[in-house]
Amino acid sequence: MKRIFLIINLKTLIISILAVLSTYVCIRYSIIADFPLTLIATAIIFPIVFSINGAYKRREIALSKYSALKAHGRAIYFVTRDWLESPSQETLDKSKNCLRDLFESTRKLFTGDSSNARKNEEGVYLAFSNLSKFIKNDLRGNGLASGEVSRCNQYLSKMFVSFEDAKHIHQYRTPRTLRTFSTVFISLLPILYGPYFAHEALQYSPYVTYVMPVLFALVLVSLSNIQDHLENPFDGIGEDDISINVEQFIARLHD
């Protein structure tokens, strides 16, 4: 039921009611027209499907970048655990804390309020800085070979790239003008098509007269809601959003 109400919401109800009222008025005053359905496909279906496809691809790229961020972070921890001769528990804990701070600040940036984005972004860069200092002071300072330190810095560099890619997906959306275009026509066409629904109602029994306007509104608004939920893969609203589970990630780093 939760998933259903994510795509069928108050907006769906309002547009359905307006479409039914429009159909009622057109039947009452014999305002009848046989509008072409190709307008629906051209003005709504094609743009909204294009937007959904673009939003889904962005979500898949963001998921890939988040996976790379986790993989290289785990690799840095394994360097600490396995490449040092007898690493102390303090060093292992510090490695975990650096990674925890990085992922917590990343989660705060991606899920936090946009008004605090600049401050939250600075927190991520501070966590990256602390991780860089950890590689220099704690890994190199404890005897890690220069070649292995260089490899570790490559992991850090790849984490930077993955974060920046995911950040830009979070900051930028699919074309706003296209989404505005779709939203306007999704709101208007089920209402403006009242004469068409009145024309088609001549072929139906009175009990199913208003089924078509409701179905039109239901399908079109649901597609719009799906696109909205896919638009930001980090907001935690849609069922397909990316969950940044810091606690689980740190818990699986075994000493």
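**Note on the helices and nonpolar cores**

1. Glu148 counts as partly exposed because its relative accessibility is 31%. The cut-offs are under 20% relative accessible area for buried and over 50% for exposed, with partly exposed in between (1.4 Å probe, protein chains only). Glu148 sits in helix α6, residues 146-171. Helices here are DSSP runs of H or I, at least four residues, numbered from the N terminus.

2. On the basis of the values: this is a predicted model, where local features need pLDDT of at least 70, side-chain atom pairs count only at pLDDT 80 or more, and totals for chains, interfaces and linings use all residues. Residues are numbered from 1 along each chain as its sequence is written, and side-chain values use heavy atoms, leaving out hydrogens and water.

3. Glu148 and Ile15 lie 62 Å apart, C-alpha to C-alpha. In sequence, 133 residues separate them.

4. The largest nonpolar core has 38 residues. Such a core is a set of buried Ala, Val, Leu, Ile, Met, Phe, Trp, Tyr and Cys residues joined through side-chain atoms within 4.5 Å. Ile76, Leu99, Phe128, Leu131, Leu139 and Met159 touch the most other members. Helix α6 gives the largest share, eight residues.

5. Take Ile76. Beyond its neighbours within four places in sequence, its contacts (heavy atoms within 4.5 Å) are Leu131, Ile135, Cys152, Tyr155, Leu156 and Met159. A second, separate core has 18 residues, including Ile44, Leu189, Met212 and Ala217.

6. Ser182 belongs to helix α7, residues 176-192. Ser182 counts as buried because its relative accessibility is 2%. Not counting residues up to four places away in sequence, Ser182 touches Pro47 and Ile48.

How values were computed
Helix = DSSP H or I, 4+ residues; strand = E, 2+ residues; numbered from the N terminus.
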